[in-house]
Amino acid sequence: MTEITHYRQTWTHRTPRARLLLWTGWAALVALFLWCWQVMTENTIWAFVWDAPRQAADIGSRMMPPRLSYLPELMVPLWDTLNIATLGTIAGVIMAVPVAFLAARNTTPSTRLLRPIALFIIVASRSINSLIWALLLVAIIGPGLLAGIVAIALRSIGFVGKLLYEAIEETDARQIEAIEATGASATQVLSYGIVPQIMPAFWGISVFRWDINIRESTILGLVGAGGIGLKLQASLNVLAWPQVTVILLLILGTVVVSEWVSASVRKAII
Amino acid sequence: MLKLEGLSKTYKTGDAALSDVTLTIPKGQIVGLIGPSGAGKSTLIRCINRLVEPTAGKVLLGDINLARLGKTELRRQRRRIGMIFQEYALVERLTVMENVLSGRLGYVPFWRSFLRRYPGRDVQQAYRLLDRVGLMHQADKRADALSGGQRQRVGIARALAQEPELLLVDEPTASLDPKTSRQIMRLLTEVCAERDLPAIVNIHDVPLAQQFMQRIIGLRAGSVVFDGAPSELTESVLTTIYGAEDWHAMRRGDEEQSEAEADARDRMAALAE
């Protein structure tokens with residue numbers, strides 16, 4: 001015990017200096033917002049904006065009622081879309097696994113050379129949207145499903161690779177140590193010490209990415225990479241609004257179903 | 001027989017965790033290693049199977065110096081040393097049987113371990129060991145479905161599956177209640193006696209050590225300060241080992257732990273090459 005006889009009743013979470021900094025920070029943020037707003041709206045033609053509700057109502061009325069007889073024609077493109085997403089995810093995951101093991105600090109063979117390369121692959125893949133990958137690939141390997149599949153796969157490498165390597169780094173070192181202590185070889189340590197620990201993460205990440213890929217592959221057709229997006233673009237080009245409605249509803253339904261599948265698989269794993 | 005000669009370990013930060021430890025452990029002897037946190041107990045047993053690399057000295061198991069082995073030969077020699085861990089260190093998501101069979105990893109080729117096609121002899125032995133530790137009917141349960149005491153029994157079965165010539169036991173009862181602790185210690189001493197197996201047991205609990213150990217070694221700041229029968233462990237000896245109130249050593253304990261972990265990680269990376 002110290003020799004203090006009177007204890008203060010006031011206590012503040014932050015020092016006055018910290019409070020001042022905090023308020024300055026908020027003020028700066030508001031100023032930034034106002035400035036951005038000004039820059040943003042400089043070229044806005046306000047007449048169009050004020051007109052927007054009327055335009056939206058106009059398109060809305062054109063879109064109704066949906067032309068349901070168009071639905072049978074959409075089944076093949078929808079099947080293509082699902083295939084793009086599924087095959088793309090499988091290919092992406094297969095390529096992502098070795099990248100993840102090279103990128104994880106505790107499994108990489110060399111932190112100097114291979115780890116930076118693996119991290120670069122992950123960043124490169126993540127930084128380019130799948131629509132842009134598709135645009136590039138349509139130019140390289142021509143329009144069609146293959147371009148879509150490769151685009152989805154390339155985009156998935158980064159996503160799956162990043163989450164998987166984080167899972168590898170979070171493995172329990174004691175379990176790995178125990179396997180090492182038995183005299184196991186490096187591959188055996190991998191398959192008994194590390195793989196069982198990352199399996200739930202692996203399946204969770206893969207299914208999650210598949211779910212995202214279904215959504216992404218619906219628009220790949222816009223740039224000619226096959227699937228239902230091709231139909232969407234065709235309908236938009238001829239201003240066939242009732243058909244657009246049908247396509248959008250179909251995409252919505254597909255995404256809801258895929259989300260349900262992915263959620264139940266993840267629940268089953270955990 | 002295990003012989004340590006001038007074993008020392010200095011971590012990269014310059015902390016000497018072990019300095020010049022010389023010991024001989026004959027066949028069948030169970031040795032309790034006591035000492036305050038940070039005295040180097042963990043480092044000492046990990047230097048023997050080189051989960052931590054010793055800086056100097058010899059580790060002679062039979063007539064092979066473990067401290068001087070290359071990677072492949074080290075793996076071969078590690079099969080001779082069973083290790084039991086504080087928090088069991090079972091692979092939680094594998095079954096009890098897979099965990100016990102993992103003690104055979106050093107003996108089987110990769111494809112057999114990968115496909116879980118272990119030789120009949122290994123499987124038979126695994127069942128015998130599970131029966132010995134009283135878990136015959138839990139073989140196909142997942143390890144994370146067991147209680148603490150049961151998990152430690154699996155840990156013991158895994159170590160014995162290696163058909164070791166030495167057991168290294170790191171705080172086997174630190175996560176267990178007093179009754180289960182005694183059951184585990186009794187099981188350990190029994191299986192060692194059955195196989196004439198020498199063992200080094202890191203142990204925090206001095207009364208437990210006195211009850212079950214044949215010989216006690218007291219470690220303080222990386223050096224052996226006591227080596228004798230449990231009955232010789234008087235209060236003044238305990239003061240020599242633990243000090244009256246050694247807070248400094250306890251803080252060092254945390255540091256030593258994290259250094260040991262970092263060291264293990266580095267070596268993992270090296271192994272993967």
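The entries below cover domains, chain contacts, strands and one alanine.

**Entry 1: domains of chain B**

I reminded myself at the outset that this is a predicted model. I then looked up how chain B is divided, and found domain 1 (1-80 + 166-248 + 262-273) and domain 2 (90-163). The C-alpha centres of these two domains of chain B are 24 Å apart.

Next I checked how they touch. Domain 1 of chain B brings 13 residues into contact with eleven residues of domain 2 of chain B. On the domain 1 side, the elements giving two or more residues are α2 (71-78) and α7 (178-195) of chain B. I noted α7(B) as the one that gives the most, with six residues.

**Entry 2: where chain B meets chain A**

I moved on to the contact between the chains, which takes 30 residues from chain B and 27 residues from chain A. Which elements of chain B each supply at least two residues of the side that touches chain A? I found α2, α4 (110-115) and α10 (247-272) of chain B. Of the elements on this side, α10(B) gives the most, with seven residues. I wrote down the make-up of the chain B side as well: 14 nonpolar, six polar and ten charged residues.

**Entry 3: the open sheet**

I traced an open sheet of four strands in chain B, with the order β2-β1-β4-β5 and antiparallel pairing. At its edges stand β2 (16-25) and β5 (64-65) of chain B, each with a single partner strand, so one side of each has no neighbour in the sheet.

I then followed one pairing in detail. Strand β1 (residues 2-10) of chain B is joined to β2(B) in the antiparallel sense over six bridges. As a landmark I picked Leu7(B), whose bridge partner in β2(B) is Val21(B). Helix α1 (residues 41-48) of chain B lies across β1, β2 and β4 (56-61) of chain B, and runs at about 60° to β2(B).

**Entry 4: around β8**

I turned to strand β8 (residues 199-202) of chain B. Which way do its residues point? Ala199(B) and Val201(B) point one way, Ile200(B) and Asn202(B) point the other way, and all are buried.

Strand β3 (residues 30-34) of chain B runs parallel to β8(B), with four bridges joining them, and Ile30(B) stands opposite Ala199(B). Strand β7 (residues 166-170) of chain B also pairs with β8(B) in the parallel sense, over four bridges, and there Leu168(B) stands opposite Ile200(B). I also noted that β7(B), α7(B) and β8(B) make a right-handed β-α-β unit.

**Entry 5: Ala209**

My last stop was Ala209(B), which I found in helix α8 (residues 206-212) of chain B. Is Ala209(B) buried or exposed? I counted it as buried, because 22 other C-beta atoms lie within 10 Å and the cut-off for buried is 20 or more.

Leaving aside neighbours within four places in sequence, I listed the contacts of Ala209(B) as Gly32(B), Ile34(B), Ile203(B), Ile216(B) and Pro230(B). For Pro230(B), which is 21 residues apart from Ala209(B) along the chain, I noted a C-alpha separation of 7.7 Å.

Note on methods: Residues numbered from 1 in each chain as written. Chains lettered and ligands numbered in written order. Predicted model: local features only at pLDDT ≥ 70, side-chain atom pairs only at ≥ 80, totals over all residues. Domains from an automatic or database assignment. Contact = placed C-beta atoms within 7 Å. Nonpolar A, V, L, I, M, F, W, Y, C, P; charged D, E, K, R; others polar. Pairing = 2+ DSSP bridges. Axes fitted to C-alpha atoms, helices over the stretch in contact; angles between N-to-C directions. Buried ≥ 20, exposed ≤ 12 C-beta atoms within 10 Å, placed from the backbone. Right-handed = clockwise from strand over helix to strand, strands pointing away.
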